[in-house]
Amino acid sequence: MPKAALPARPPAESDAGATRIGTREAWLPGEGGAIALPAYVRHALAPGNRIEGPAIIEQMDSATLVLPGMTATVDAFENILP
């Protein structure tokens, strides 16, 4: 019996700013110490959401650091791509 393909989710109806949950302190090389980074909740992101670094994307079991100058984009299958 063939496996069903994972369905793609529809594009986001709002920008990633709606998923922002505050700030987190993080040490980044070249910044001279810890700085406050915007933090986003991972499970609320939807396809097409883009997050400009520096930022942190949090989920229950891990966090993704988006470095300065990078952009994280959520694809149709909810992967975070650089």
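Guide: Strands here are DSSP runs of E, at least two residues long, just as helices are runs of H or I of at least four, and both are numbered from the N terminus. Two strands count as paired if DSSP finds at least two bridges between them. Keep in mind that this is a predicted model: local features need pLDDT of at least 70, side-chain atom pairs count only at pLDDT 80 or more, and totals for chains, interfaces and linings use all residues. Residues are numbered from 1 along each chain as its sequence is written, and side-chain values use heavy atoms, with hydrogens and water left out.

Visitor: Okay, what joins strand 4 to strand 5?

Guide: A hairpin does, by way of 2 residues. Across that pair, Glu-58 stands opposite Ala-63 in strand 5.

Visitor: And in what sense do strand 2 and strand 4 pair?

Guide: Parallel, over 3 bridges, with strand 2 covering residues 33–41. There, Tyr-40 is the residue opposite Ile-57 in strand 4.

Visitor: Back to Glu-58. Which residue does Glu-58 form a salt bridge with?

Guide: Arg-24, and their closest N and O atoms are 2.7 Å apart. This pair links distant parts of the chain, since Glu-58 is in strand 4 (residues 55–59) and Arg-24 is in strand 1, 34 residues apart. By salt bridge I mean a side-chain nitrogen of Lys or Arg within 4 Å of a carboxyl oxygen of Asp or Glu.

Visitor: Is Glu-58 buried or partly exposed?

Guide: Partly exposed, with a relative accessible area of 22%. Arg-24 is partly exposed too, at 31%. The cut-offs are under 20% relative accessible area for buried, over 50% for exposed, and partly exposed in between (1.4 Å probe, protein chains only).

Visitor: How many salt bridges are there in the whole structure?

Guide: The search finds 3. One of them brings together the side chains of Arg-9 and Glu-78, at 2.8 Å from N to O. That pair also links distant parts of the chain, 69 residues apart: Arg-9 is in the segment before strand 1 (20–28), and Glu-78 is in the loop between strand 6 (71–74) and strand 7 (80–81).

Visitor: What are the relative accessible areas of Arg-9 and Glu-78?

Guide: Arg-9 has 34% and Glu-78 has 30%, so Arg-9 is partly exposed and Glu-78 is partly exposed as well.

Visitor: What about Glu-52, which residue does it bridge to?

Guide: Arg-50, with the closest N and O atoms 3.7 Å apart. Glu-52 counts as partly exposed, at 48% relative accessibility.
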